[in-house]
Amino acid sequence: MAPSDRFPAEVQVAVDDVHVRYRTASDDATLRRGLPRWQRAANRLVGREPTVLVRALAGVSLVARAGEAVGVVGLNGSGKSTLLRVIAGLETPHRGRVRARSAPVLLGVNAALLPELSGSQNVRLGCLAMGMTPDEAEAAYPQVVEVAGIGPSIHRPMKTYSSGMAARLKFAIAAASDPQILLIDEALATGDAAFRERSEERMNHLRRQAGCVFLVSHAAKTIEETCTRAIWLHRGHVVTDGPAYDVAQAYRWWAWNLAKGQTETAASLLEDAFRQGTDTRVVLAPEDAGSAVPRHARLRSGGSV
Amino acid sequence: MVDGSQLAPVTQRPPLREYLGRLWERRHFIRADARAKVVAGSRGTLLGTAWLVLRPVLDAAVYLVIFGLVLRADRGIENFLGYLVIGTFMFQFTSRCLSTGAQSLISGKALMKSFAFPRAALPVATVVRETISYGPVLVAMVAILLVLPDSPVLSWRWALVPLAIALQVVMGLGLALLAARPTARVPDLQHIIGFFSRFWLYGSAVFFSYERFVSHPQVLELVQLNPMFRVLEITRDCLLYGITPGAEAWVILGAWAGALLTAGLVVFWRGEERYGAL
């Protein structure tokens, strides 16, 4: 059977049942009480806090195809950024696999790069870290500086930057490469109006170039406006995966109820959404060829980005 | 069915040969990172990069007072000042490779969270950085040797010293790679490594002649197998005393350098997929 028979566009990213968990310190008193006496004593002695297991992602599967712009919505801490880091290959999942047609590039705004170095040194270093040659990095430099638009501050050490300036520079560096698979983490939310316009312009350009785009945001409106498809994450689980408009609307209605304190309504909405949501299962065929088959055929909202 | 044969895993540890190839592709990044950090390391101090040389000078002064003037460890050592200068100036390179290499993954966390590159680039970059800083230290060392009251013996043997230093750098690279992986997992090792370095310092005849203090044959043998002792011995023989170092010294040093680099590469490469979760 020819590939094009059943699926119109080629698969760019296949995420197969990915689990991520962290072990981290917690100063929750109830946790401490649950520990055996000797361990509590030992912890007090070395000044350590008991650890908890945090499940950031609990079995996420999805398939993204060429030309798709996939939005990821969810509350803070629902695993959105972790999902992007896993797709970018910056973090290895505890279980599950991620396959991609080409190396995905993550546009994040959180990382601080090297705070001791000046902005311009960070630009050079970042470009080289993405695999550019020195000449390419040199050629990309003026554009990065222009997109960042932080003026003469580019020559100061990055630790003296405000968080907004650092975020802008970080975005500009990552945007310097022209990736096929682009992962954007809240990039639009930072910076003033002038920067937002410049960054949006740059992002649209990248999206036209890219095979597919993932956009993480907790603002459902952004997703609705810029994506063709959306995924709602809740506590590491996929709630729904479908046309951007439907998912964003459902998410906003739920979040509104939650914010207004209508916890019961919110809970039942979430349950409904879970029930309506379709499970995606990725089947990786033998001989190491990743074949992705959604269990339920689903109509995706048409139209290009 | 979708043809998935063109999809590659995003986190996969390539075979060692390919891994080294990818590492080589990032050589510009490694060099830029190392260079930038040499400068950044001394930013914020008044004397800046001068500290690269001042530190071992002050170290040598401390050891001179304690071991030369107080403990009289200099008896039986010809040109004790030169002996001491070579010891302190050269040993600090290896101990710095070990300690900064061990921390390289922890301090490079931000870079690892932003960009995908072979993680070995980080420990390699720290060793490159230490090597760049080592240059002026060595120049200063030779300059000091030349102005000391007991002048060194100038001979063709000076040409052998770069080879010993090259082997020392290879050894430092192996140590950095070897230490980086366990330290990333258990940061407590940073402290243990500090103690290990000091122990090694005393066991490498940096500021006294081991022959005077060690009489136990097995311990003596252990000191003889110590690669850092051999680096110092070769350098002192060539620069100070005009003696051609024996083949045994080269074999021991070369074997250590090769073994440490191989072990370091393999150990580090095998942990490649797990460094992201730091």
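Two residues are taken to be in contact if their C-beta atoms, placed from the backbone, lie within 7 Å. In the predicted model, residues 24 or more positions apart account for 74% of the contacts in chain A that have a separation of 6 or more. Chain A has 305 residues, of which 44% count as buried, and its secondary structure comprises 11 helices and nine strands.

An open sheet of four strands is formed with contributions from chains A and B, in the order β2(A)-β1(A)-β4(A)-β1(B), and its pairing is antiparallel. The edges of this sheet are β2 (51–65) of chain A and β1 (8–9) of chain B, each of which pairs on one side only. Strands of a sheet pair through backbone hydrogen bonds, either parallel or antiparallel. The antiparallel pairing between strand β4 (residues 95–100) of chain A and β1(B) extends over two bridges. In β1(B), B:Pro9 stands opposite A:Arg99.

In chain B, helix α11 covers residues 227–241. Helix α11(B) is mostly covered, with 14 of its 15 residues buried. The residue that follows α11(B) is B:Gly242, which has a positive phi, near 65 degrees.

Key: Residues numbered from 1 in each chain as written. Chains lettered and ligands numbered in written order. Predicted model: local features only at pLDDT ≥ 70, side-chain atom pairs only at ≥ 80, totals over all residues. Buried ≥ 20, exposed ≤ 12 C-beta atoms within 10 Å, placed from the backbone. Expected span 1.5 Å × (residues − 1). Pairing = 2+ DSSP bridges.
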